[in-house]
Amino acid sequence: MTETIQTAMDRLMTISAEPQDYIAGDGLLYCGSCNTPKEAFFPNGIKLFGRDRHPAECRCRQATREKQEKEERARLHYEKVQRLKLQGFTDWAMQHWTFANDHGQNPQMQLAQRYVAHWPEMREKNVGLLLWGGVGAGKSFMAGCIANALMEQEVAVCMTNFARIMNELNNAFSGRNEVVDRLCGYPLLVIDDFGMERGTEYALEQIYNIIDSRYRSRKPLIVTTNLTLTELKNPQDTAHARIYDRLLELCTPIACTGPSMRKDIGQAKLNLLKTLLA
C-alpha cells in the first residue's frame with residue numbers, strides 16, 4: 001500500500017522539463033520561455049515523501065491554462081444559451097429579435113433595455129409589462145429583445161401565446177397542472193398576441209388560470225396585445241373583467257407607438273424588387 005502511495009506521489013510531483021528549461025541559482029527548475037519557476041519549495045523546510053519541493057505553474061503555463069478555461073467557459077455559456085433559446089422560443093425566427101437588430105424607430109425600446117439592465121430588481125419586485133398598441137408597432141419584437149437579452153445572461157425565458165398553451169393543455173397526458181407548473185417555473189414568461197385567441201368560456205377560464213397562477217407564483221409576466229388600454233379597462237363581461245383586472249395588476253402598461261415594422265419590411269422588399277427589375 002505504501003509503495004502505491006509513493007508511486008502516486010512521485011507521479012504528481014514529476015515536472016515535465018523542456019530542453020530550454022534550466023536550474024537557477026536557487027536550485028529550482030525555471031521555464032526557458034518565460035523565465036519563471038516551474039517548481040517551489042514546501043514552506044518552512046517541510047519535506048513530503050522525501051521531497052522538499054512541488055510543481056508550480058510558470059507564467060506561460062498559467063496563461064495557457066487561463067486561456068483554455070476562458071474558452072471552456074465561453075463554450076459552456078454558448079451551449080446553455082442555445083438550449084435556453086431552443087426550449088424558450090416557439091419560433092426560431094424569435095432568436096433574431098435582439099437589440100442589435102433593432103431599427104431604432106421604436107421610442108419604447110429604451111424601456112426594454114432598462115428592464116433587462118435592472119432585471120434582478122424587476123424579478124425581485126415582480127414587475128411585468130403589458131405592451132399594447134396597433135398591429136406592426138413592434139410589440140412582439142420588443143418582448144423578444146428582452147427575452148433574448150435575458151437568455152444571454154442564462155436566465156430561462158418562455159415566449160409563447162395562448163393558442164399554443166391551449167394546445168398543450170388539451171394534449172397534456174400527465175395533467176394540465178403540469179403545464180401550468182412548467183410555465184410558472186420560468187423566471188420570465190412572455191405571452192404574445194394576447195386577445196387573439198378564441199373567447200370560449202373554457203378558453204377564458206384557462207387563460208385566467210394561467211395568469212392567476214403566474215400572479216401567485218410572484219414571477220414577472222410580459223404580455224403583448226393589440227387591445228387598447230381603454231378596452232382592457234372596460235371589459236365586455238365578467239369573464240374578461242377577471243382576466244383584465246389580474247393582468248393590469250401584474251403588468252405595467254406600455255404603449256407601443258412606433259411606425260409599423262411590417263410596413264417597413266414590406267416597403268424594403270418592394271424597393272429591392274424594383275431595383276432588381278429596373
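These legends go with several close-up views of one predicted protein model.

In this prediction, local features need pLDDT of at least 70 and side-chain atom pairs count only at pLDDT 80 or more, while totals for chains, interfaces and linings use all residues. Numbering starts from 1 along each chain as its sequence is written, and side-chain values use heavy atoms, with hydrogens and water left out.

**View 1. The whole protein, before zooming in.**
The fold has eleven helices and nine strands; these are DSSP runs numbered from the N terminus, with helices (H or I) needing at least four residues and strands (E) at least two. Of the 278 residues, 37% are buried, where buried means under 20% relative accessible area, exposed means over 50%, and partly exposed is in between (1.4 Å probe, protein chains only). Accessible surface comes to about 16400 Å², and 53% of that belongs to carbon and sulfur atoms; the areas are from the Shrake-Rupley method with a 1.4 Å probe, and for residues only the protein chains shown count as cover. Take the contacts (heavy atoms within 4.5 Å) with a separation of 6 or more: 72% of them join residues 24 or more positions apart.

**View 2. The largest nonpolar core.**
A nonpolar core here is a set of buried Ala, Val, Leu, Ile, Met, Phe, Trp, Tyr and Cys residues joined through side-chain atoms within 4.5 Å. The largest one holds 31 residues, and the members touching the most others are Phe-162, Ile-191, Phe-194, Leu-221, Ile-243 and Leu-247. Elements that each supply at least two residues include E5, strand E7 (188-194), strand E8 (221-225) and helix H10 (238-250). Helix H8 gives the most, with six residues. Skip the neighbours within four places in sequence, and Leu-247 is in contact with Leu-130, Phe-194, Ile-211, Leu-221 and Val-223. Another core, of 29 residues, lies apart from this one, with Met-122, Ala-143, Val-155 and Met-159 among its members.

**View 3. Helix H6 against helix H7.**
Two packed helices are described by the angle between their axes and the distance between the axes. For H6 and H7 the angle is about 140° and the axes are 8 Å apart; axes are lines fitted to C-alpha atoms, for helices over the stretch in contact, and angles run from 0 to 180 degrees between N-to-C directions. On the H6 side the contact uses Ile-165, Glu-168, Leu-169 and Asn-170, and on the H7 side Arg-176, Val-179, Arg-182 and Leu-183. That splits into four nonpolar, one polar and three charged residues; Ala, Val, Leu, Ile, Met, Phe, Trp, Tyr, Cys and Pro count as nonpolar, Asp, Glu, Lys and Arg as charged, and the others, Gly among them, as polar.

**View 4. Gln-206 and its contacts.**
Gln-206 sits in helix H8 and counts as buried because its relative accessibility is 11%. Leaving out neighbours within four places in sequence, Gln-206 is in contact with Met-166, Leu-169 and Arg-176.

**View 5. Two asparagines with positive phi.**
Most residues other than glycine have a negative phi. Asn-35 has phi near 60° and lies in the loop between strands E2 (29-30) and E3 (39-41). Asn-126 has phi near 55°, in the loop between helix H4 (119-124) and strand E5 (128-132). Asn-35 is partly exposed at 47% relative accessibility, whereas Asn-126 is buried at 11%.
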